[in-house]
Amino acid sequence: MRRLVAETRLGVDDLVAPLFVREGIDEPQPIVSLPGVVQHTRESVRKEVRELADLGVPAVILFGIPTAKDPEGSEAWNPDGIVQVALRDLRDEVGDGLVLMSDLCLDEYTDHGHCGIVTESGEVDNDATIDLYAQAGVAQADAGADVVAPSGMMDGQVMAIRDALDDEGHEQVAILAYAAKYASALYGPFRDAVDVTIRGGGDRKGYQQDWHNAREALEEIRFDLAEGADMVMVKPALAYLDVITRARAEVDVPLAAYHVSGEFSMIKAAAANGWIDGDAVMWEHLTAIKRAGADLILTYFARDIAEALHP
Ligand code: PBG
């Protein structure tokens, strides 16, 4: 009876698997604060994506860790940068069998760890940064990305990327905008995963949203849609279910939510201590995100869910 009347069902079609690929390593590297998640080699990411496609997971989103970082994050738009080579490998591996998304930001590539260029006075230079995002978006699209996902929260980033993609003949490449991204303390394990420390103990409050605010998130979403975003995202997920619900009520484009690294690791850590049933909490949390109104969920549990649902 419960199955018959369930209002919400989490399915494999809802899932996007975030994957890390690191340049210059021979073996996958475990990420201590993200148990079970690794920094992949080019070879191992290929295998993982093949297996995810076979499990029916419809999409992955790639993050790169370059060997060399610099003030501008130039590996982000290098045609031979790690994400670009991985995208080519993956397109070759799975053809059109799976949607390839790429996170579009500079923090994994800059030596100071900010999501953009930093001026001498220590401010992030919004307008200079979005030009670099546009270049990175074109490099990712050239390499085969179906969807680019700008996560840097710079003003005007979606329009800059859309214009550049269109100019280069990539009208078909979609933009998933991290539209309502909060300056959250839940990204800690992710920063281990991509070897990012913000220089000088800084934070991202200058460009990410203040978690006291919800209306502001709706305004960010409206801006991104007006600039040409095809899908929008709320991030993190669980502490922002109200924002997801409000966004759902307001927009009719596909709405994504990112169940972020800290949300995943809290479950893993409590489960490892025997304090909670990790599997049960995984289902409860991810179903809640769907119930709140998300159409697609980026989650490090994608493979676990897919395996559990696989016939
Ligand atoms: C920025 C980016 C971050 C995450 C996704 N894209 C980190 C940040 O804003 O500091 C976090 C994802 C997670 O915690 O799982 N490129």
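Methionine 153 sits in the loop between β6 (147–150) and α5 (157–167). In this predicted model, methionine 153 has a positive phi of about 60°, although it is not a glycine.

The peptide bond from lysine 235 to proline 236 is cis. Its omega is near -10°. Proline 236 belongs to the loop between β8 (231–235) and α8 (241–250).

Lysine 181 places a polar side-chain atom 2.7 Å from an oxygen atom of the ligand. Serine 261 has a side-chain N or O atom 2.7 Å from a ligand oxygen. Glutamate 108 faces a nitrogen instead: an N or O atom of its side chain is 3.2 Å from a nitrogen atom of the ligand. Each of these distances falls within the 3.5 Å cut-off for a polar contact.

How much of the ligand does the protein bury? Taken alone, the ligand exposes 410 Å². The protein buries 100% of that. Where does the ligand sit? Its place is the largest cavity.

The last stop is the aromatic side chains. A pair of aromatic rings is described by the distance of the centres and the angle of the planes. The count here comes to nine aromatic pairs. One of them joins phenylalanine 20 and phenylalanine 63. Their ring centres are 5.5 Å apart, and the planes make an angle of 35°. That pair is tilted, because planes under 30 degrees apart would count as stacked and those over 60 as edge-to-face.

Why does this pair tie together separate parts of the chain? Phenylalanine 20 lies in strand β1 (residues 15–22) and phenylalanine 63 in strand β4 (residues 59–65), so the pair links parts that are 43 residues apart in sequence.

Note on methods: Residues are numbered from 1 along each chain as its sequence is written. This is a predicted model: local features need pLDDT of at least 70, side-chain atom pairs count only at pLDDT 80 or more; totals for chains, interfaces and linings use all residues. Side-chain values use heavy atoms; hydrogens and water are left out. A polar contact is a pair of N or O atoms within 3.5 Å; within protein, one must be able to donate a hydrogen and the other to accept it, and residues adjacent in sequence count only if both atoms are side-chain atoms. Accessible areas come from the Shrake-Rupley method with a 1.4 Å probe; for residues, only the protein chains shown count as cover. On a 1 Å grid over the protein atoms alone, a cavity is a set of points where a 1.4 Å probe fits but cannot get out, and a pocket is an open set with protein on both sides within 12 Å along at least five of seven lines; lining residues have an atom within 4 Å of a point. A molecule sits in a cavity or pocket if more than half of its atoms lie within 2 Å of its grid points. Rings of Phe, Tyr and Trp (its six-membered ring) pair if their centres lie within 6.5 Å; planes under 30 degrees apart count as stacked, over 60 as edge-to-face and the rest as tilted. Helices (H or I, at least four residues) and strands (E, at least two) are DSSP runs, numbered from the N terminus.
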